[in-house]
Amino acid sequence: QHIGGAIALMYGDTGHWPIWVDGTETKSTSGDYNTLYSADGTMPDVGTTGWTVATNADDFENQIVNNTPGDVAAAAYPTTGRRAWRGPYLEKVLGDPWGSKYLINVEFLQPANVGGVAPVFVLSAGPNKLVETVFDQTSTGPSLTRGGDDVIFRIK
């Protein structure tokens, strides 16, 4: 819930969701991430649930705590002007209570998908550290099946 609130605060300040590889780029053709994950904890086993954490993913502390998308200070979101990054939006993000990383499916916050109906959520793999929530979605037809002991919080 705190993570979702921090993401909403960043969006309110900057007018942009925390998805960019470079905070100065904001077009649908610019580099963006599909998944954000917490720095703390171990990566849960995602199996064949549709999560892409090996590629096209960033530590969300880079986005909402440090303003270093992709862990590069030169890629920071603007910090002056009306639509400036005014974080940090959280002090630190720990792993979930079972020692795993939190995951956020930010793919559907990208400009090309904003009008779609696919939900965006923060996920904890729960005590078994296995993501069982099936993430098989398109921007026109979401299919989200919460599974096992996963804990999810919907952002959008």
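Ile-3 is buried, its relative accessible area being 9%, where buried stands for under 20% relative accessible area, exposed for over 50% and partly exposed for what lies in between, with a 1.4 Å probe and protein chains only. The model is a predicted one, in which local features need pLDDT of at least 70 and side-chain atom pairs count only at pLDDT 80 or more, while totals for chains, interfaces and linings use all residues. Residues are numbered from 1 along each chain as its sequence is written, and side-chain values use heavy atoms, with hydrogens and water left out.

Ile-3 belongs to helix α1; helices (H or I, at least four residues) and strands (E, at least two) are DSSP runs numbered from the N terminus. Apart from neighbours within four places in sequence, Ile-3 is in contact with Phe-60, Leu-90, Val-93, Tyr-102, Ile-104 and Val-122, contact being defined as heavy atoms within 4.5 Å.

## Helix α1

An α-helix has 3.6 residues a turn, so residues three or four places apart point the same way.

After the helix comes Gly-15, which has a positive phi, near 80 degrees.

## Sheet and loop

Five strands form an open sheet in the order β2-β1-β3-β4-β7, with mixed pairing, where two strands pair if DSSP finds at least two bridges between them. At the edges are β2 (57-59) and β7 (151-154), each of which pairs on one side only. Strand β4 (residues 121-124) runs antiparallel to β7 and is joined to it by four bridges, and Val-122 stands opposite Phe-153 in β7.

The loop between β3 (103-104) and β4 holds Asn-105, which counts as buried at 0% relative accessibility. The side chain of Asn-105 reaches the backbone nitrogen of Phe-121 at 2.7 Å.

## Aromatic pairs

Two aromatic pairs are found in a search of the whole structure; rings of Phe, Tyr and Trp (its six-membered ring) pair if their centres lie within 6.5 Å, and planes under 30 degrees apart count as stacked, over 60 as edge-to-face and the rest as tilted. Tyr-11 and Trp-17 form a stacked pair, 4.1 Å centre to centre with 15 degrees between the planes. Tyr-11 is partly exposed, with a relative accessible area of 33%, whereas Trp-17 counts as buried at 16%.

Trp-85 and Tyr-89 form an edge-to-face pair, at 5.4 Å centre to centre and with 85 degrees between the planes. Both Trp-85 and Tyr-89 are buried.

Conventions: Polar contact = N/O pair within 3.5 Å; in protein donor to acceptor, adjacent residues only side chain to side chain.
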